[in-house]
Amino acid sequence: MGLRTDFIWMDGTLVPWDQANVHVLTHALHYGFSVFEGIRAYETADGKSAVFRLHEHVDRLFGSAKVLDMVIAHTRDEIAKACVDTLVANKMPAGYIRPIAFVGSGESMGVNPGKNPIRMAIATWPWGAYLGAEALEKGIRICTSSYTRHHVNVMMTKAKVAGNYVNSVLAKTEALADGYDEALMLDPSGYVAEGTGENVFIVRNGVIKTPPLTSILAGITRDSLIILARELGYEVVEQLFTRDELYMADEAFFSGTAAELTPIREVDRRVIGQGHAGPVAKALQAAFFKVVKGENPAYSRWLYPFSL
Ligand code: PMP
């Protein structure tokens, strides 16, 4: 099985993969009340490895927990170290890291989490290009979803909460069943929000535009690309835009820890730009990969180095 490794970190210790189990009455399984992260580690130019923006991911995890009024029984430093310990225990110089804090079982059921323990696990697994290796180069075909992204007062959209992802799963499976690679989600007012697990950018007349942090997840890749793009000399604006503006864009791309920078070549059967990765997407993607692979010392602060 592709996800199988030797160990998973659970509640403070590394346990064999087969033993990282929970009870079927786990509260989070019934009500979706858990918060998680998706983090990537890359092999770096010095022959070692680094986790990309680990502290920012751990901070977002604790922020998500705070939003749900969930107390994680470990410090941020302990969780950061545990992410790396899990990679090392699994002999993984690179890969994906999935920390999750969830309401456990044993005390009560019903919507109130009550006295059920808050548990924490960290799994790692190898993950290549999320939308396929070809997608990174050629771009993907997406459709506007029939499902609307959450209203900010229906779900807590800044928190990476498991339950929020029912919306993403519905949109993703619909898009795949209809022959597209990914879904584009609009916010309740009809503006472009994000993908099912990605932030979205467009380029028009040399200006890069991405939706502001209203109803969307504050992507760490989004933040990184904004910084890198400005450094490359591009103007970047955080502004709401509509799907027709996306149709008219010269370029469009998704960003995310899993998706990295994936160009979008078609939206709702309309070809974007030249129908392949455009020059801005290519330049930014190259800059991003240089940074994560430790080839740009100016951004070494974003790397949490480790070796096996
Ligand atoms: N939006 C959603 C809904 C996501 O799930 C993700 C992935 N975490 C992102 C955006 C991108 O965030 P990041 O760049 O931090 O992975």
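How many residues does the largest nonpolar core have, and which of them have the most contacts inside it?

Author: This is a predicted model, in which local features need pLDDT of at least 70 and side-chain atom pairs count only at pLDDT 80 or more, while totals for chains, interfaces and linings use all residues. Residues are numbered from 1 along each chain as its sequence is written.

The largest nonpolar core has 81 residues, and those with the most contacts inside it are V51, C83, A101, A252 and L284. Such a core is a set of buried Ala, Val, Leu, Ile, Met, Phe, Trp, Tyr and Cys residues joined through C-beta atoms within 7 Å, where buried requires 20 or more other C-beta atoms within 10 Å of a residue's own, all placed from the backbone. Helix α8 (residues 279-292) gives the most to this core, with 7 residues; helices here are DSSP runs of H or I, at least four residues, and strands are runs of E, at least two, numbered from the N terminus. Because domain 1 (7-125) and domain 2 (133-292) both give residues to the core, it lies between them; these bounds come from an automatic or database domain assignment.

Leaving aside neighbours within four places in sequence, L284 is in contact (C-beta atoms, placed from the backbone, within 7 Å) with L225, L228, A229 and L261.

Methods. Buried ≥ 20, exposed ≤ 12 C-beta atoms within 10 Å, placed from the backbone. Contact = placed C-beta atoms within 7 Å.
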